[in-house]
Amino acid sequence: MHKLIRNPRKIVFKNYPMVKLFCFVSFLLIPVLGFGQKEKVDSLNRKLNGENDKFRKVDILIKLCEYCEISDNLKYGNQALDLITELKKSTRDTAILERLLGNEAAAYSFIGAYYGNNNFYNKNKLQDPEKAVFYYNKSVSIYKQLKHWDKLKELNDYLEGQYLREGNMYMILQVFKDAVSFGKANNNNLFVAKYIYQTARFYARIGDSLNAMKYAEEGIELERKINDPERLARGYELGGDLYFNIRNYPQAIDFYNKALAAYDQKQNTRQKAFVYFGLGNTYAALKNYTRADENLKRALSYTDSVGGKNAFFIEINIELGRLEYKFGNYEKAQWYHRFTLDKSEQTGFPGGIAISSHELAKDLLQLNKLQEAKKHADRALTLKKQIAGVEQVMKTEQLCFKIDSALGDFNTALSHYMAYTQLQGKLNIEEVKKSTLKDDLQNRFEQEKEKQIILQQKKDEEAAMQLKQQKYLRNSFIAGFLLLGIIALFIFRNYVAKKKLANEIAAQKQLIEEKQHEIIDSITYAKRLQDAILPPREFVDKSLLQNFIYYKPKAIVAGDFYWAEQVNHLFFIAAADSTGHGVPGAMVSLVCSNALNRSVKEFNLTDTGKILDKTRALVIETFEKSESEVKDGMDISLLCIDTANKNISWSGANNPLWYIEDGELKAIKADKQPIGKTYDPKPFTTHQVVYKPGAVFYLFTDGFADQFGGPNGKKFKYKQFGDLLLKHSNLPLKHQAERIDNAFSEWKGDLEQVDDVCVIGIKL
């Protein structure tokens, strides 16, 4: 199915003249509509001023929230809430209380919209996402009391939109799952089915096919209980779409056929068009082009019930043209694609124009009509850059490369090939991003038993994906170099007489700089991923009122990292040094951080020594999956603070714990073994530390002490590091961090930083 069309019923428009015209007309109409709205607000204000009955005043204030500018929601909403609070104290009538509660929920919803800035012409531009969510949730809790299902759906939509603007995908899923739980508790199967399907679509959108199908099948099972054939058919249709997306084509065909049978009961020809379209695409994916052609033509016969010659009609004809291309009927294929291009231009459908131009260029390339093919390919590329995703643009860059190569325009062909390879890198980053989001959501929501199954499946999939990706990258790299060599040979053969050696060197330098820039961009993005494992400073500051974290990576990404977690009244914090630094160190740090999280969250360990034992086992287990022997791991200093009982415990792997008490520097030695594979491993020791109030504790890695510098270019060393901490221990912790940073910079001078640095200070 086309990536420029989100689904066969919804077309994406972007940066297109018809849309601009629509927006222009809309803005012309806003003053006119606003004039009528202002009259309504003025009328309601007159009623409010002349009304003595407080119950009716509340009703008028809620109406004012409905018709006023969004910037006035706060004023009218708060007035309504004040009156409602007063009236609730003076009545015991159940019906009146229910009416007041409904108005209270509405007021909270309008105030949430004020802070969420949902209206595109709000002049205030005031946004406070936390307050928006707070008031929306207050509204939701009241509508739950009232079991007002329609309003709950409306508020859930608002919350979904708010979280989407913030990019908080975790909370969007939480909204859906809370709705499912509430619907089940109140036996509202229709409500439950809606949000089970929402959850299925959500998982499909982030690429988690297993969970998507799990929830889709749960929804279908629920529809069987509801016993509405058309609703059940829609569930089967969704299941068919999801199975198609995960390439389980036999199951997709089975579900589509079940959907057709259910739609036949209701004589729903409109939806049958979409199902036949899905079947056509599925048979095409199975390379059964005859069955694909039959089903697409059936879909075409039902397009009048969908809405006549609309975008869906165009899309079916595009697919029929693609089938003719696969049959080798390039003349027939170009007929279809010229037809769909003409219809797309008539109806103002940019997605149709882009796809038709791309497909027509492919047909013309096969027919050796190269100049015309170039014209349509260039048009498709221009449009797709405006409205399409990375994968679609990448395909057209590849097509442009083929056409320009056939024309002998090797300079332009090279530029298209470089754009194509750059987009491949972006596509891989998007997949990593989607995979990271999927892992996070799975870890947060699944039950313990499900967690184990999903994590095991995920590991197997990742291993297979990594192997596949390595092979793909290797083959792409070889193919790319061979292709670049061929193109360079042609360029050299055609221009050797005209180009000087200086120009050749300049061209190669530019290519290297571009590649270097791409690598730096990728590493910078990797830093954002690594930063995601570091606990937010606000989280640490909330639990430790007096602390500092001095974190100075050697490169963009680091092997050192700091880690923190709260479990009831226990607060854990650690400074860790993974094997290596830069990209290899960062990759090891992700494994080690994940192992710490699992030890505390999954295995519920609170003893610091046992946490390190389990972390070591998990790290070794991860690296043992490699075919080559991997001995990577980390050194760590792990502190546990019992905030309820004012006790602390500590364990260390190679890195000690220092603390300053009564002006004296004290140290607790670490176990001389790393978190990782080692000869004769022993259980880690848990030290119970007795301290006086005002003691300052320091967790650190070896980066500071190992830094070369000073007048003789020698290491800073631990003795001098301890003296530095002792000298400034009476200062506020924020100032201690500044002194440490100054000392490090002065000692290092113009020399290179040799390792990552992490120092944590905590005053108890």
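This is a predicted model: local features need pLDDT of at least 70, side-chain atom pairs count only at pLDDT 80 or more; totals for chains, interfaces and linings use all residues.
**Entry 1: α5 and α6**

I located helix α5 at residues 129-146 and helix α6 at residues 149-166. I noted a packing angle of about 160° for this pair, with the axes 10 Å apart. Angles over 145 degrees count as roughly antiparallel, and α5 and α6 are therefore roughly antiparallel to each other. I then listed who makes the contact: α5 contributes Pro129, Ala132, Val133, Tyr136, Asn137, Ser139, Val140, Tyr143 and Lys144. From α6 I recorded Lys151, Leu152, Leu155, Tyr158, Leu159, Gln162, Tyr163 and Glu166. Sorted by class, the residues of this contact of α5 with α6 are 11 nonpolar, 3 polar and 3 charged.

**Entry 2: α15 and α17**

I turned next to helix α15 (residues 311-327) and helix α17 (residues 350-366), which pack at an angle of about 15° with their axes 11 Å apart. As angles under 35 degrees count as roughly parallel, α15 and α17 are therefore roughly parallel to each other. I noted that α15 passes α17 in a left-handed crossing. On the α15 side, the contact is made by Ile318, Arg322 and Tyr325. On the α17 side, I listed Gly352, Ile355, Ser356, Glu359, Lys362, Asp363 and Gln366. By class, I recorded 3 nonpolar, 3 polar and 4 charged residues for the contact of α15 with α17.

**Entry 3: threonine 396**

I placed threonine 396 in helix α19, which covers residues 390-407.

**Entry 4: the whole chain**

The protein chain holds 27 helices and 14 strands. It has 764 residues, of which 45% count as buried. I recorded an accessible surface of about 39700 Å² for the protein chain, 53% of which belongs to carbon and sulfur atoms. Among contacts in the protein chain with a separation of 6 or more, 65% come from residues 24 or more positions apart.

Conventions: Residues are numbered from 1 along each chain as its sequence is written. Side-chain values use heavy atoms; hydrogens and water are left out. Axes are lines fitted to C-alpha atoms, for helices over the stretch in contact, and angles run from 0 to 180 degrees between N-to-C directions. Helices (H or I, at least four residues) and strands (E, at least two) are DSSP runs, numbered from the N terminus. Angles under 35 degrees count as roughly parallel, over 145 as roughly antiparallel, 65 to 115 as roughly perpendicular and the rest as oblique. A crossing is left-handed if the near helix is turned anticlockwise from the far one by less than a right angle, and right-handed if clockwise. Contact means heavy atoms within 4.5 Å. Ala, Val, Leu, Ile, Met, Phe, Trp, Tyr, Cys and Pro count as nonpolar, Asp, Glu, Lys and Arg as charged, and the others, Gly among them, as polar. Buried means under 20% relative accessible area, exposed over 50%, partly exposed in between (1.4 Å probe, protein chains only). Accessible areas come from the Shrake-Rupley method with a 1.4 Å probe; for residues, only the protein chains shown count as cover.
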